[in-house]
Amino acid sequence: MEYKILNTNGAILSQNELENYLQKIASDHMLQNYSDKNTYPIPRLKENFELITNVYHMLNEHIKLQIPIHPAGEWLLDNYYVIEENVKMVKNNLTLKKYTHFLGIQNGSNQGFARSYVLANEIVNYTDNKIDSQNLKNLLQAYQTKKALSMEEIWNINLFLQIALIENVRQVCEKIYFCQKQKYKVENILERLVENKEKLKFTHFNEYKAKVKKQSSIKYSFIEYLSYRLKQYGKKAYPYLNILEEQVNKMGMTISEVIQKEHFDVALKKISIGNAITSMKALNRMSMVDIFEEINGVEEILKQDPAQVYEKMDYQTKVEYRNTIKELSRKMNLSEIYIAQKCLQLTKGKNGKEQHIGYYLIANGRNKLYELLTGKKIKKLSYNAKAKLFVSILAIITILTTSLITWGAYIKLNSIILAGILFILLIIPIQTIWIQVLQTILGKLIKPKKIPKLDMEKGIPKEYATFVVVPTILNSKEKVQEIMSKLEVYYYSNQSENIYFALLGDCTSGKNEKEPFDKEVIETGKKICDELGISYTDDETLLTETNIIELDNYMSNMNNDEEESEEISEELSEYLEDAKDYDKAVEM
């Protein structure tokens with residue numbers, strides 16, 4: 001297959017000019033639901049990297065030969081590993097199947113290319129490879145004022161920016177290649193004509209075969225470097241310098257003008273490759289999560305969740321919600337923003353869990369969202385109906401399998417009694433086998449649901465105060481000491497507000513109401529609690545056979561003044577007295 005190459009030539013524009021330009025091309029873009037296979041950028045990326053690698057090796061050879069290196073080549077020598085890592089990353093993450101799922105351009109010279117690929121090229125070429133997180137946000141937002149980008153496009157814009165940057169590095173490397181080739185040619189000429197050496201050092205000029213398009217500015221590189229080298233020889237090289245000047249004058253130029261133009265071009269190439277490599281490093285460090293959440297239209301809609309739960313959720317749960325919208329968008333050929341808006345619409349005026357957008361994306365309310373999007377009534381089995389269906393299918397295939405085996409045995413044994421006994425003996429093992437088979441099949445066909453989670457990284461809010469209870473069996477004082485030591489470690493490792501730890505110790509089962517070691521266990525627990533300065537409940541109050549030892553936030557209590565400590569002690573005493581009265585009332 002012959003792959004098309006995306007060519008975008010751009011001038012350097014100011015931020016405002018580029019934003020206006022992106023708004024214009026957004027208005028002009030007509031879209032299709034897929035990108036053409038022959039626009040897949042990875043073959044071109046591999047070709048670019050091969051040329052960059054060849055130039056890199058050439059520069060290393062020329063260093064050994066003491067040939068001056070093009071200033072832009074110094075960037076390549078120092079940062080080749082950055083380009084290599086990015087090429088591997090892009091190839092691993094951008095498969096052909098993934099690329100064809102991106103929205104494509106339906107009109108113009110870029111027809112068939114992925115829209116995000118075209119957009120990345122426009123940004124890179126009109127900024128001279130200079131990209132940072134802030135200008136990237138602004139430019140993507142400017143484009144979205146006219147046409148919204150999908151979540152997949154925003155999330156993968158980094159890949160296409162890297163491809164565009166490597167394309168521009170390749171163009172600079174073409175210039176470096178030919179400049180170094182001309183320098184090698186000059187050294188070969190000087191060896192033969194000026195130095196009159198018999199054993200030539202630069203004899204491999206013919207091995208430098210051009211693998212890139214010819215450049216019109218090659219003669220400037222040759223003239224500039226030849227002039228520089230001849231001047232180093234002094235009077236010995238004057239005849240050759242005069243000949244060179246005469247040839248340059250025939251072109252309608254002077255050597256000084258050629259040198260000035262060449263130096264200007266060298267400076268531009270050095271800045272261009274420097275910007276490209278700096279931008280590659282910046283993109284690798286850039287948090288695409290922050291950019292995504294700031295400019296993604298779907299994210300803005302989901303944040304309007306009436307239950308005010310979405311923003312508190314952890315990152316993986318948010319991804320699950322967004323991926324659900326993305327899948328619906330692909331299946332129904334609807335805008336992601338439209339689906340998010342309809343989901344938000346369903347939450348209006350609702351209470352409880354139906355007020356949360358997740359109820360309509362990943363829970364029981366999903367059918368209602370389908371019905372609103374399609375305009376059709378959707379019938380879906382309830383969990384009870386599914387359970388009944390599973391049990392019914394299991395019973396039927398178990399009975400059929402057992403009956404077939406029993407029938408075969410009856411034919412051979414010719415005894416209905418033995419066949420009946422065999423049926424009874426086989427039905428449970430066969431049912432167990434079929435349960436395992438069905439569970440394996442369903443495990444392959446049905447994706448497990450992820451449990452939504454809240455993000456408590458910055459601390460637990462007061463309304464979500466959590467008590468962590470560790471249940472265990474206590475049968476010796478050593479066990480109490482071991483468990484309390486571990487619980488103390490848990491506390492020190494999680495000194496967040498609104499989180500509490502407790503040890504729920506139960507005695508071992510036995511014939512006697514009280515065992516000899518019960519008192520030792522309880523006394524050891526009390527002693528450790530007293531040493532730590534934490535509270536506990538007596539075995540004669542709330543529970544008869546269970547001892548609860550609570551490890552409260554005693555570190556914070558230690559920082560309180562004496563009055564606060566006394567208040568806490570009084571409240572705890574009143575609580576325990578009330579508990580005793582309650583137990584006595586129950587016994588009466």
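How many aromatic pairs does a search of the whole structure find? The search finds 15. A pair here means Phe, Tyr or Trp rings (six-membered ring for Trp) with centres within 6.5 Å; planes under 30 degrees apart are stacked, over 60 edge-to-face, the rest tilted.

Ground rules before examples. This is a predicted model, where local features need pLDDT of at least 70, side-chain atom pairs count only at pLDDT 80 or more, and totals for chains, interfaces and linings use all residues. Numbering runs from 1 along each chain as its sequence is written, and side-chain values use heavy atoms, with hydrogens and water left out.

Now the rings. Tyrosine 177 and phenylalanine 178 pair edge-to-face, 5.4 Å centre to centre and 85° between the planes. Tyrosine 177 is buried at 10% relative accessibility. Phenylalanine 178 is buried too, at 5%. Buried means under 20% relative accessible area, exposed over 50%, partly exposed in between (1.4 Å probe, protein chains only).

Next, tyrosine 310 and tyrosine 321. This pair is tilted: 6.0 Å between centres, 35° between planes. Tyrosine 310 sits in the loop between α13 (297-302) and α14 (315-332), and tyrosine 321 in helix α14, so the pair ties together parts eleven residues apart in sequence. Helices are DSSP runs (H or I, at least four residues), numbered from the N terminus.

The criterion is NZ of Lys or CZ of Arg within 6 Å of the ring centre and within 35 degrees of the ring normal. Lysine 185 does likewise over phenylalanine 222, at 5.5 Å from the centre.

Ring pairs also build a cluster: Tyr40, Tyr99, Phe102, Phe113, Tyr117 and Phe160.

On to packing. Which residues touch the most other members of the largest nonpolar core? Of its 89 residues, they are Leu76, Ile83, Leu94, Tyr99, Ile123, Leu136 and Leu161. A core is a set of buried Ala, Val, Leu, Ile, Met, Phe, Trp, Tyr and Cys joined through side-chain atoms within 4.5 Å. Helix α8 (residues 157-194) gives the most to this core, 14 residues. Apart from it lies another core, of 20 residues, including Val186, Ile189, Leu190 and Ile259.

Back to isoleucine 123. Leaving out residues up to four places away in sequence, isoleucine 123 touches Leu22, Ile131, Leu136, Leu139, Leu140 and Leu161, with contact meaning heavy atoms within 4.5 Å. That's my tour.

Conventions:
Helix = DSSP H or I, 4+ residues; strand = E, 2+ residues; numbered from the N terminus.
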